[in-house]
Each structure stands twice: as C-alpha cells, then as structure tokens.
Amino acid sequence: FLHRLPIPDQVKSRVTYHARTLINMCCTEYMFLPHSSTMMATGCLYDAIFALGSKYMELRRTLPELMSHFVDINKDELAVIHSKVRTLIAANRTDLPHVDVEPL
C-alpha cells in the first residue's frame, strides 16, 4: 500500500529502503513476536517516515489515519512498535543523536 500513500516522489525510494531495512532488523528480535506482521510492517513504515525529519511533519502526523484506510491499525500498538523500533535503532547505532519518541 506504499504507492497509495502521499509520500513525495523524491523520498519514496528512501522510505521504501529504510522500511525494508527496519522490517529485516525487527524480524531478528524477539520483542516483536507479539505483533502481527501487518502491524510490524506498518510500524516500520511509520518509523521510516518519522526519520525524514520535521520537513515531513504533516505527513508524519496524518500517516496513521491514512494507513488505516488500507490496513486495520491499532494506534496504541503502533506507538508501542514505533518505540521498540526506535530502541532497536538506538541499540544498533551509536553515531545517531538521541531523539525522543513523540506520541502518535
């Protein structure tokens, strides 16, 4: 459903690459076992867009609602997954600055 979302063309390939990388990382971690594959993929896509920065704040704010048109999303679970993804990234990357996770 990525092609149905209003992701600007200039960052679409980057978002796709990052979301796939995050999905691959999450598949190796036990902390993601309680989540469905759909919710995990949705969380990784959300985080890939989150990583684009404040320039895409409006897209980031509306993304859960936009994605809910295509998949059944539990916003509370999405927030948990997003937090776990950020924790996983922080544990694996020491060169990134600390970023607080915003509530959805």
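Reply: Start with the residues of helix 2 that are buried: Met39, Met40, Thr42, Gly43, Cys44, Leu45, Tyr46, Asp47, Ala48, Ile49 and Phe50. That is eleven of the 14 residues, so helix 2 is mostly covered. Keep in mind that this is a predicted model.

First, the setting. The chain has four helices and zero strands. Read along the sequence, its pattern is α-α-α-α. Of its 104 residues, 38% count as buried. Now take the contacts between residues with a separation of 6 or more. Residues 24 or more positions apart account for 71% of them.

Next, the length of helix 2. At 1.5 Å a residue, its 14 residues should span 20 Å. The end C-alpha atoms of helix 2 are 20 Å apart, which agrees.

What do the buried residues of helix 2 pack against? They pack against helix 1, helix 3 (57-67) and helix 4.

Two packed helices are described by the angle between their axes and the distance between the axes. For helix 2 and helix 4, the angle is about 60° and the axes are 9 Å apart. The two helices are therefore oblique to each other. Helix 2 passes helix 4 in a right-handed crossing. On the helix 2 side, the contact is made by Met39, Met40, Thr42, Gly43, Cys44, Tyr46, Asp47 and Phe50. On the helix 4 side, these residues meet Glu77, Leu78, Ile81, His82, Val85, Arg86 and Ile89.

Now zoom in on one residue. Cys44 is placed in helix 2. Is Cys44 buried or exposed? Its relative accessibility is 0%, so Cys44 counts as buried. Buried here means under 20%. Leave out residues up to four places away in sequence. Cys44 then touches Ala19, Leu22, Ile23, Cys26 and Val85. One of these, Ile23, is 21 residues from Cys44 in sequence. In space, Cys44 and Ile23 are 6.1 Å apart, C-alpha to C-alpha.

That brings us to helix 1 (residues 9-26). At 1.5 Å a residue, the 18 residues of helix 1 should span 26 Å. The end C-alpha atoms of helix 1 are 26 Å apart, which agrees. Its buried residues are Val11, Val15, Thr16, Ala19, Leu22 and Cys26. They cover an arc of only 150° around the axis, which puts them on the same side of helix 1. On the other side of helix 1, Ser13, Tyr17, Arg20 and Asn24 are exposed.

Last, see how helix 1 sits against helix 4. Their angle is about 85°, and their axes are 11 Å apart. That makes helix 1 roughly perpendicular to helix 4. From helix 1, Leu22, Met25 and Cys26 make the contact. From helix 4, the contact uses Val85, Leu88, Ile89 and Asn92.

Key. Residues numbered from 1 in each chain as written. Predicted model: local features only at pLDDT ≥ 70, side-chain atom pairs only at ≥ 80, totals over all residues. Heavy atoms only, no water. Expected span 1.5 Å × (residues − 1). Buried < 20%, exposed > 50% of the residue type's maximum accessible area, 1.4 Å probe, protein only. Arc of directions from axis to C-beta. Axes fitted to C-alpha atoms, helices over the stretch in contact; angles between N-to-C directions. Parallel < 35°, antiparallel > 145°, perpendicular 65-115°, else oblique. Left-handed = near helix turned anticlockwise from the far one by under 90°. Contact = heavy atoms within 4.5 Å.
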